[in-house]
Amino acid sequence: LKKLKDADVPVLWRPLHEAEGGWFWWGAEGAEPCKKLYRLLYDQLTNVYGLDNLIWIWTGSTSPAASDWYPGDDVVDIVGYDKYNCADGVANLSSISSTFYSLVQSTDCQKMVTMSENDSIPSLENLVNDKAAWLYFCPWYMNYLTSEQNNPVENLIEVYNSDYCITLDELPDLKTYPISGEETPKTTTSSV
């Protein structure tokens with residue numbers, strides 16, 4: 001991570017993901033120890049090691065207990081959700097808009113919301129019609145992206161070629177991108 005900071009590379013950093021599920025050691029003891037660990041990790045990486053290139057993503061849920069697990073607005077940049085809802089070998093192209101809006105409301109509309117890990121990418125039609133503006137989606141790996149049961153080729157082509165989806169070749173130079181209200185672009189480095 002220090003090498004990436006030295007190279008001025010921002011990192012989408014998603015530690016302690018899916019903690020609420022309890023299947024990973026960092027969530028097995030409950031919400032309070034997990035939040036304490038997250039905050040300790042944040043302090044160590046940000047304040048001790050000076051890693052200001054990390055974009056902190058908290059992957060939570062929409063369960064009634066989700067707010068008990070949330071580490072806090074001061075240490076979370078983006079709120080994520082892991083979506084796995086394909087059934088019986090059929091892709092589920094839902095935008096899961098109710099989940100999207102629940103996550104947006106959970107931070108009083110102050111945090112961007114991402115599909116931090118998923119099987120199917122929602123269809124363009126569902127994303128647009130439901131106005132579920134997920135910041136990004138990230139199919140897990142291999143067959144989660146390439147299998148027809150998870151992501152039909154025609155859906156991938158439509159989404160990735162649409163104006164809705166910004167691909168790497170369409171991104172502006174974020175280091176010189178003008179900030180609203182500035183007359184000239186400002187050279188910046190990523191910070192938390």
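View 1. W26 is buried at a relative accessible area of 16%, where buried means under 20%, exposed means over 50% and partly exposed lies in between (1.4 Å probe, protein chains only). F24 counts as partly exposed, with 26% relative accessibility. What we show here is a predicted model, in which local features need pLDDT of at least 70 and side-chain atom pairs count only at pLDDT 80 or more, while totals for chains, interfaces and linings use all residues. Residues are numbered from 1 along each chain as its sequence is written, and side-chain values use heavy atoms, with hydrogens and water left out. Rings of Phe, Tyr and Trp (its six-membered ring) pair if their centres lie within 6.5 Å; planes under 30 degrees apart count as stacked, over 60 as edge-to-face and the rest as tilted. By this rule the count comes to 12 aromatic pairs. For F24 and W26 the ring centres are 4.6 Å apart and the planes are at 15 degrees, so this pair is stacked.

**View 2. The tilted pair of Y141 and Y144.** How far apart are the ring centres of Y141 and Y144, and what is the angle between their planes? The distance is 6.2 Å centre to centre and the angle is 55 degrees, which makes a tilted pair. Y141 is partly exposed at 44% relative accessibility, and Y144 is partly exposed at 26%.

View 3. M142 is exposed, with a relative accessible area of 62%.

**View 4. The largest nonpolar core.** A nonpolar core is a set of buried Ala, Val, Leu, Ile, Met, Phe, Trp, Tyr and Cys residues joined through side-chain atoms within 4.5 Å. Which members of the 34-residue core touch the most other members? They are Y38, W58, V76 and W134. Elements giving two or more residues to this core include α2 (31–48), β2 (54–60), β3 (78–83) and α4 (97–106). Helix α2 gives the most, with 5 residues. Beyond its neighbours within four places in sequence, V76 is in contact (heavy atoms within 4.5 Å) with Y38, W56, W58, Y70, P71 and K111. Aromatic residues W13, Y38, Y42, W56 and W58 form one cluster.

**View 5. Salt bridges around D82.** A salt bridge is a side-chain nitrogen of Lys or Arg within 4 Å of a carboxyl oxygen of Asp or Glu. The whole structure holds 6 salt bridges. One of them joins the side chains of D82 and R14 at 3.0 Å, N to O. D82 is in strand β3 and R14 in the loop between β1 and α2, so the pair ties together parts that are 68 residues apart in sequence. D82 counts as buried, at 13% relative accessibility. R14 and D82 also belong, with E117, to a network of salt bridges.

View 6. In the salt bridge of K83 and D119, the closest N and O atoms are 3.0 Å apart. This pair links distant parts of the chain, with K83 in strand β3 and D119 in the loop between β4 and α5, 36 residues apart. Are K83 and D119 buried or exposed? Both are buried. R39 forms a salt bridge with D74, and their closest N and O atoms are 2.6 Å apart. R39 lies in helix α2 and D74 in the loop between α3 (66–69) and β3, 35 residues apart. R39 counts as partly exposed at 34% relative accessibility.

**View 7. K36 on helix α2.** K36 lies in helix α2 and counts as exposed, at 66% relative accessibility. K36 and P71 are 35 residues apart in sequence, and their C-alpha atoms are 7.9 Å apart in space.

Conventions: Helices (H or I, at least four residues) and strands (E, at least two) are DSSP runs, numbered from the N terminus.
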